[in-house]
Amino acid sequence: MGRVRLRAAKESDMSSIRTYIERFQLDDENMSFEQFIVAEKGSRIVGFGRIKHYESCYELACLGVLEPYRNQEIGAAIVKKLMEVFPDNEIWITTDIPKYFERFGFELAKDAPQEIKDKIKGVCHAKHRPDAVIMSLRKS
Ligand SMILES: CC(C)(COP(=O)(O)OP(=O)(O)OC[C@H]1O[C@@H](n2cnc3c(N)ncnc32)[C@H](O)[C@@H]1OP(=O)(O)O)[C@@H](O)C(=O)NCCC(=O)NCCS
């Protein structure tokens, strides 16, 4: 089956990505393929993640790994790659699994851009993630 490879998503990946995003109840707002990277094993997409654009900031979002491929550090590789190519110094995330993101240095945010706060009220609740919190990490 080969190694896991990370690459930029293509338009043709979006139908699989949309299916998994729906299954994992992740943020499906304003999606476009340019925002995603995928983890691929052979020709199969086994994970993905996204840099979501807002007017005033960016969010590391939509992290997902298919169930049979979990606990093999694929999620960690996707997070690290997105952090590396992140277009801003301040990385925002909204998540209901803060413990997972602490390992990369993310901390609970005391304040956040209004658009991120709105996401907690809007998308996270709509996706049945009432426990979602805002975290952030400053790259340098
Ligand atoms: C969260 C997710 C992306 C992790 O992917 P993964 O490839 O299995 O993660 P990794 O292999 O990098 O990390 C595994 C470690 O994270 C821990 N972990 C996995 N899910 C966790 C969770 N929900 N909460 C806390 N820790 C978690 C594992 O226990 C493991 O810990 P260890 O290294 O101490 O053994 C994957 O479980 C997933 O797709 N979940 C559903 C979608 C989701 O909730 N996405 C995040 C929304 S913000």
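**Reading the chain, from loop to core**

Author: Start with N30, which is found in the loop between α1 and β2. Helices (H or I, at least four residues) and strands (E, at least two) are DSSP runs, numbered from the N terminus. This is a predicted model, where local features need pLDDT of at least 70, side-chain atom pairs count only at pLDDT 80 or more, and totals for chains, interfaces and linings use all residues. Residues are numbered from 1 along each chain as its sequence is written.

Reader: Is N30 buried or exposed?

Author: A residue is buried if 20 or more other C-beta atoms lie within 10 Å of its own, exposed if 12 or fewer, and partly exposed in between, with C-beta atoms placed from the backbone. N30 counts as exposed because it has 9 C-beta neighbours inside 10 Å. Its phi is near 45°, a positive value in a residue other than glycine.

Reader: What is the phi of Q25?

Author: Phi of Q25 is near 55°, again positive in a residue other than glycine. Q25 also sits in the loop between α1 and β2. Q25 has 13 C-beta neighbours inside 10 Å, so it counts as partly exposed.

Reader: How many helices and strands are in the protein chain?

Author: The protein chain has 5 helices and 7 strands. Along the sequence their pattern is β-α-β-β-β-α-β-α-β-α-α-β.

Reader: How does strand β1 pair, and what is the count of buried residues in it?

Author: Two strands pair if DSSP finds at least two bridges between them. Strands β1 and β2 run antiparallel and are joined by 5 bridges. Strand β1 (residues 4-8) is hardly covered, with a count of 0 buried residues among its 5.

Reader: Which residues have the most contacts inside the largest nonpolar core?

Author: In soluble globular proteins, nonpolar side chains tend to be buried together. A nonpolar core is a set of buried Ala, Val, Leu, Ile, Met, Phe, Trp, Tyr and Cys residues joined through C-beta atoms within 7 Å. The largest one here has 29 residues, and those with the most contacts inside it are I37, V38, F48, L60, I78 and I93. Elements that each supply at least two residues of this core include α1 (14-23), β3 (44-53), α2 (74-85) and β7 (133-138). The most comes from β4, which gives 5 residues.

Reader: What does I93 touch?

Author: Two residues are in contact if their C-beta atoms, placed from the backbone, lie within 7 Å. Leaving out residues up to four places away in sequence, I93 touches E59, L60, F101, F106 and M135.

Reader: Which residues come nearest to the ligand?

Author: A residue is near a molecule if its C-beta atom, placed from the backbone, lies within 6 Å of it. There are 15 residues around the ligand, and R70, G75, A76, T95 and I97 come nearest. Two or more residues of this shell come from each of β4, α2 and α3 (98-102).

Reader: What is the radius of gyration of the protein chain?

Author: The radius of gyration is taken over C-alpha atoms, and the globule rule is 2.2 Å times the number of residues to the power 0.38. The protein chain has 14 Å, which agrees with the value near 14 Å for a compact globule of 140 residues. Of these 140 residues, 29% count as buried.
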